[in-house]
Amino acid sequence: MQFASLVRGVGGMGLMTGEVVKGTFTTKFQLREFLEQAWFITSVTMLPAVLVSIPFGAVISLQVGNLAGQLGAQSFAGATAVLAVVREAAPMAAALIIAGAAGSAICSDMGSRKIREEIDAMEVLGIDPVIRLVIPRVLACLFVSVMINGIVIATGIGGGYFFTVIIQGGSAGAFLSSFTALASLPDLYISIVKSAVFGFLAAIIGAYNGLNAQGGPSGVGRAVNEAVIIAFMMLFVLNSIMTAVYFQVVPQDGL
C-alpha cells in the first residue's frame, strides 16, 4: 500500500507539473493573484533568509579561513568563501526557507480550501483550481526564491567579509581581489537556476499535498508535514544531481 501510494504521489506531482507548465503559457496570467502571493511569500521568508544567511557566511568563512591559513593560502579565503556561498549555500538556504515557510503555507491554504469543499465548488462551476490557484502560487514561489537567493548571496558574502577581515584579521584587499579567482559567472547562473527549480518544486509539492488532503483539519496538518519532509528530501537529491551535472558540463577554474 505504501509503495502504491508513493507511486501515485509521484505520478500526481508529475501530472500537476505538466498542467502548471502548460497552463502558464496557454492561459490568462493571474497577475493580481501572483502579486498577492509573491508579497505574502516575501513577507514570511525575507527576515528568516537574512538571519540564516549570516551564520552560513560566518561558518563557511571561519572554516575556510582556518584551513586556508594552515595551507598558507590565506589570500584565497575570500575566493573559496564566495564560491561556497554562491554555488551551494545560497540556493540551498533559499530552498529550505521557501519549502519550510512558503511550501507549508501553500499546502495549508490548498488543504483548507479542500476540506471546506471550495475546490469541489470551483470544479462544479467549471473553474480549474490548478489554473486559478496553483499556477500563480507556483510562479510567485519561483520568483521569490530567485530573489531570496540573491539576498542570501549578498548577506552571506557580507557576513563572510566581516568574520574573515574583522574577526580573523585577514586582509580586506586580498579578500575582495580574490573574488574571481575561483568563482565565475556560470557559478552565479547555476545558483539562480537551482533556486528557481527548488522554488518551483517546493510549490508543486505543497499544492499537490494540499489539494489531496483528507480527514478534516488533522488531515491538513498531516499533509503540511508530509509536504515539508518530501520537499526537503527532494531538494537535497535534486541539488546533488544538478551539482554533478554542472561539474561535468562546466570546466572548473584552477588557481
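Biologist: How far apart are the end C-alpha atoms of residues 228–249?
Modeller: Over residues 228–249 the chain is 100% helix and 0% strand, where helices (H or I, at least four residues) and strands (E, at least two) are DSSP runs numbered from the N terminus. The end C-alpha atoms of this span are separated by 31 Å.

Biologist: Which pLDDT do local features need in this predicted model?
Modeller: The term pLDDT stands for the predictor's confidence in each residue, from 0 to 100. Residues are numbered from 1 along each chain as its sequence is written, and side-chain values use heavy atoms, with hydrogens and water left out. This is a predicted model in which totals for chains, interfaces and linings use all residues, side-chain atom pairs count only at pLDDT 80 or more, and local features need a pLDDT of at least 70.

Biologist: Which element of the protein has the highest mean pLDDT?
Modeller: The protein averages a pLDDT of 81, with 84% of the residues scoring at least 70. Where pLDDT is low, the predicted coordinates should not be read in detail. Among the elements, helix 7 (residues 179–182) has the lowest mean, 66, whereas the highest, 88, belongs to helix 8 (residues 185–211).

Biologist: Which residues does the UniProt annotation "transmembrane region" cover?
Modeller: UniProt positions are given in the numbering used here, with shortened feature names, and annotations may be inferred rather than shown by experiment. Residues 188–208 are 100% helix and 0% strand in the model, with end C-alpha atoms 30 Å apart. According to the UniProt record, an unreviewed entry, the annotation covers residues 38–60, 92–112, 188–208 and 228–249.

Biologist: Why can helix 8 be called largely enclosed by the rest of the structure?
Modeller: Helix 8 reaches 39 Å from its first C-alpha to its last, close to the 39 Å expected at 1.5 Å a residue, where the expected span is 1.5 Å times one less than the number of residues. Buried means under 20% relative accessible area, exposed over 50%, and partly exposed in between (1.4 Å probe, protein chains only). Helix 8 is largely enclosed by the rest of the structure because its buried residues number 20 of the 27.

Biologist: Which residue has a side chain joined to that of aspartate 187 by a polar contact?
Modeller: Aspartate 187 is found in helix 8, and its relative accessible area of 2% makes this aspartate buried. A polar contact is a pair of N or O atoms within 3.5 Å; within protein, one must be able to donate a hydrogen and the other to accept it, and residues adjacent in sequence count only if both atoms are side-chain atoms. At 2.5 Å, such a contact joins the side chain of aspartate 187 to that of tyrosine 246.

Biologist: What is the length of the polar contact between threonine 243 and lysine 194?
Modeller: Threonine 243 lies in helix 9 (residues 216–249) and counts as buried at 11% relative accessibility. The polar contact that joins its side chain to that of lysine 194 is 2.7 Å.

Biologist: How many residues apart in sequence are the parts tied together by glutamate 33 and arginine 132?
Modeller: A salt bridge is a side-chain nitrogen of Lys or Arg within 4 Å of a carboxyl oxygen of Asp or Glu, and by this rule the count comes to 8 salt bridges. One of them joins the side chains of glutamate 33 and arginine 132 at 3.7 Å, N to O. Because glutamate 33 lies in helix 2 (residues 31–70) and arginine 132 in helix 5 (residues 129–167), the pair ties together parts whose separation in residues is 99.

Biologist: Which residues form one aromatic cluster?
Modeller: Rings of Phe, Tyr and Trp (its six-membered ring) pair if their centres lie within 6.5 Å, with planes under 30 degrees apart counted as stacked, over 60 as edge-to-face and the rest as tilted; by this rule the count comes to 3 aromatic pairs. Phenylalanine 29 and phenylalanine 34 form a tilted pair, 5.4 Å centre to centre and with 50 degrees between the planes. Phenylalanine 29 is partly exposed at 41% relative accessible area, whereas phenylalanine 34 is buried at 13%. The cluster is made of Phe29, Phe34 and Phe143.
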